[in-house]
Amino acid sequence: MSRLEEKIFQEYMTFFEKAERERRWNVFQDIPWERVNKDASEELALCAETFCSVEMYLPDYVANGINLVRKYFGQAWFQANWAYEESKHSLTLMQYLLRSGKRTEEQLSDLQHQIFAKKWDLPFHTPRQMTFYGCVQEMATFVIYVKHRERAATEGDECLRTIYDYIARDEIAHCRFYQSVIKVLLEEDRPGTLTDMAHVFANFEMPGVGIVPDYDSRILKMREAGVDRNVFIQKVYMPILKYLGVNRHEMLAAQRTALELRRGGERRDPSIEGLASAPNLDNTAPQALSA
Ligand SMILES: [Fe+2]
Ligand SMILES: [Fe+2]
C-alpha cells in the first residue's frame, strides 16, 4: 500500500467504525410504520416516490462506482458498505409508498420497469473526480432530505419523518467520508485536486436527471420542496469549500487556470473537458436542484 492508499484506508476505518457503532438502523424495527399519515398530501408522496426512483438506480451506481476504485482498498470497501446503506433507502421509501396507501404494488412495479429501462452512466471518469462528485451529491441529497423531514413533520407523518431522518444521517456520513478523502488528496496534490473540483462543480447534475421517468415535471411539482440555486450555493457549495479549507477565490482561480490550460491546447488535460461550457462558477447551479 502506498502512503496515500494507507491514509485513505485509515479514513475508511474511521468511517466504518463510527457507522457500526452509531448509525445502523433496522428497516423492520426502527420505523414507526403504524404512525404513517394516510391523509398526507399527494405532493408528499410524489416527492417520496421521486427520491425513491433516484435511489433505485443503485445497481448502476454500485457497478460503475466500485469498478472505478477497485484497486484502492479503502475506497472499494467504502463502496460496498455504501451500497448496503443506500439499498435501505429505496427499500424503505418503497415500503412507505405501499403502507401509506399512496401507491399500489402495480404502480410501483410499473415505475420500476420504467426505471430499469434506462441506465445511469458515470458522469466523471477518474476516481478523484468521482470522489468529489460523490461529496457534492451526498451533501445536496442530505440538504433535500432534511428539508423533507421537516415537511413530513408538518404534515403529521411521523413515519416518513423518521425515514427521512435516518436517510439524512446516512447521506451526511457519506459526504463526510468523501470530504475526508478529498482532504487527503488536497494534501497530496492541491492544484490537481482543485482543478478536478472546479470541473465537477461546473458540470454537476443530480443523478436522476434524464433517467428518472418524468423527472422535469416531478421537479416542477416539487418546487417549494426542493433546493434552488441559492440554497445550493449556501448549503452545499460554501460548506464543502469551508470544510475542505478552500476559499472561493482559490476555487475560482483553479477554474481559470483550468480554462487557460485548455485554451493553450498543448497541455490539454482530459480532466477539464467541459469547463469551457461553464466558465464561471456562478453558472454552475445544477438544473436538477432548481426545484
Ligand atoms: Fe441515499
Ligand atoms: Fe448517500
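Glu 55 and Glu 171 are both buried, and buried here means under 20% relative accessible area, with exposed over 50% and partly exposed in between, using a 1.4 Å probe on protein chains only. Before I go on, this is a predicted model, where local features need pLDDT of at least 70, side-chain atom pairs count only at pLDDT 80 or more, and totals for chains, interfaces and linings use all residues. Residues are numbered from 1 along each chain as its sequence is written, chains are lettered from A and ligands numbered from 1 in the order in which they are written, and side-chain values use heavy atoms, with hydrogens and water left out.

Now the metals. Which protein atoms are the donors of the iron ion (ligand 1)? They are two OE atoms of Glu 55, OE of Glu 86, ND1 of His 89 and OE of Glu 171, at 2.0 to 2.5 Å. A donor is an N, O or S atom within 2.8 Å of the metal (3.2 Å for Na, K and Ca); water is not among the atoms, so sites may look incomplete. Glu 55 sits in helix H2 (residues 42-55) and Glu 171 in helix H7 (residues 158-188), so this pair ties together parts 116 residues apart in sequence. Helices are DSSP runs of H or I with at least four residues, strands are runs of E with at least two, and both are numbered from the N terminus.

The iron ion (ligand 2) is coordinated by OE of Glu 86, two OE atoms of Glu 138, OE of Glu 171 and ND1 of His 174, at 1.9 to 2.7 Å. Glu 138 belongs to helix H6 (residues 127-154) and His 174 to helix H7, so that pair ties together parts 36 residues apart in sequence. Both Glu 138 and His 174 are buried. The two iron ions, ligand 2 and ligand 1, are 3.9 Å apart, and Glu 86 coordinates both.

Next, the rings. The whole structure holds 21 aromatic pairs. Rings of Phe, Tyr and Trp (its six-membered ring) pair if their centres lie within 6.5 Å; planes under 30 degrees apart are stacked, over 60 edge-to-face, and the rest tilted. One pair is Phe 15 with Phe 78, edge-to-face, 5.0 Å centre to centre and 65° between the planes. Phe 15 is in helix H1 (residues 3-23) and Phe 78 in helix H4 (residues 73-99), 63 residues apart. Phe 15 is buried at 9% relative accessible area, and Phe 78 is buried at 0%. Ring pairs link both into a cluster with Tyr 12, Phe 16, Phe 177 and Tyr 178.
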